[in-house]
Amino acid sequence: MRPLLELTGATVRFGVDAALNNVSFRLFPGEVHSLMGENGAGKSTLIKAITGVLPLNEGELRLDGELVTFATPYEAQRAGISTVYQEVELLPNLSVAENIGLGREQRRGGVISAKRMQAHAREILAELGLDIDPASTLGTHSLAVQQLVSIARALSVDVKVLVLDEPTSSLDLDEVAELFRIIRELKSRGVAILFVSHFLDQVYEVCDRLTVLRDGEFVGSTSRTSCCGSTWSRRCSAARPPSTALATASRPPSRRPPWSCTRAGSRAATASGTRTSTWARARCWASRDCWARGARRSPVP
Ligand SMILES: Nc1ncnc2c1ncn2[C@@H]1O[C@H](COP(=O)(O)OP(=O)(O)OP(=O)(O)O)[C@@H](O)[C@H]1O
Ligand SMILES: [Mg+2]
């Protein structure tokens, strides 16, 4: 299958420091892809590079096979890439409908038509199965509902790629379940979803594939099943690099992750023996500490 979005050899620098260094990444239609890594790994920078917030210093971006460059987030949005950030970036004093249609107001005879905007918003909210009155003032709703309105806004254009940067950090369990219901609905429509979250159980629950970054560099991409299934465990206990499960091609040989179950995260994983434990291994893999100690003590065979 052809990737919907493909980033190749992407480098983004702030002065002399590279926040993203020669990173390649592919997103397929109808997949939920989780971007993982410690603080400062380059997740937000990657998101900004594909949504027109930051320019690429090197590398290229393709959407649907076409080479694209976005000078602004608006250009990215027009091409079908919408982003919802952790902080709700809407206007609480406006109505739900006005927020959904902000910047794309429906007009009648040159005059903004509240009626049309409400009808449009009602349609989008109904598509997402959300029972929210479009005429109500946004600020009267909970943060969770405002977050869902942000998503409805992102979908009010013809969206191909939906980027969610830490969307669940202010949501309770029921609200997260509602968000995941919407994510699955979008996935069934063929929308590709790029999801950043620090909550590993949530990542496990919703994602199909994951990519790990560390210090601005690509570490690996794998499917959730090969990461969390028994294959992963066997590889881990055999202390071998997951050469078949992970796309090692883009990984610099000198910086291959140590693949050993002797790290603290993996020991905790083995002790608890739960599904979360597998993620402890993922966390171990993604952690700088694991990398640094492993590189010194257990060179990859
Ligand atoms: N505007 C900026 N100017 C200078 N350096 C920046 C800027 N934005 C990010 N960086 C640096 O780039 C690196 C990657 O940052 P980025 O925000 O992409 O990480 P992240 O993986 O999203 O982290 P977090 O999990 O904390 O959100 C960090 O070292 C950060 O300090
Ligand atoms: Mg970030």
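Which helix gives the largest share of the shell around ligand 1? It's helix α1, residues 43-50, which supplies three residues of that shell. Keep in mind as you look around that this is a predicted model.

Let's stay with the ligand for a moment. Around ligand 1 you'll find F14, A19, G37, N39, G40, A41, G42, K43, S44 and T45.

Start with β1 and β2, which make a hairpin with two residues between them; in the turn, G15 has a positive phi of about 65°. Seven bridges hold this antiparallel pair, and A10 stands opposite V23 in β2. On to the next pair: β1 and β4 run antiparallel and are joined by five bridges, with E6 partnered by R62 in β4. Finally, β4 (residues 58-63) connects to β5 through three bridges, again antiparallel. Here L61 faces V68 in β5. As a reminder of what sits behind all this pairing, strands of a sheet pair through backbone hydrogen bonds, either parallel or antiparallel.

There's another sheet to visit. This one is open too, with six strands in the order β6-β9-β10-β3-β11-β12 and mixed pairing. Its edges are β6 (81-84) and β12 (217-223); each has a single partner strand, so one side of each is left without a neighbour in the sheet. The twist here averages 20° from one strand to the next.

At the β12 end, β11 (residues 209-214) runs antiparallel to β12, and six bridges join them. One spot to check is R214, whose bridge partner in β12 is E217.

Helix α5 (residues 143-154) touches β6 and β9 (161-165), and its direction makes about 170° with that of β6. Helix α6 (residues 173-188) touches β3 (32-36), β9 and β10 (192-196), and makes about 150° with the direction of β10.

Conventions
Residues numbered from 1 in each chain as written. Chains lettered and ligands numbered in written order. Predicted model: local features only at pLDDT ≥ 70, side-chain atom pairs only at ≥ 80, totals over all residues. Near = placed C-beta within 6 Å. Helix = DSSP H or I, 4+ residues; strand = E, 2+ residues; numbered from the N terminus. Pairing = 2+ DSSP bridges. Axes fitted to C-alpha atoms, helices over the stretch in contact; angles between N-to-C directions. Contact = placed C-beta atoms within 7 Å.
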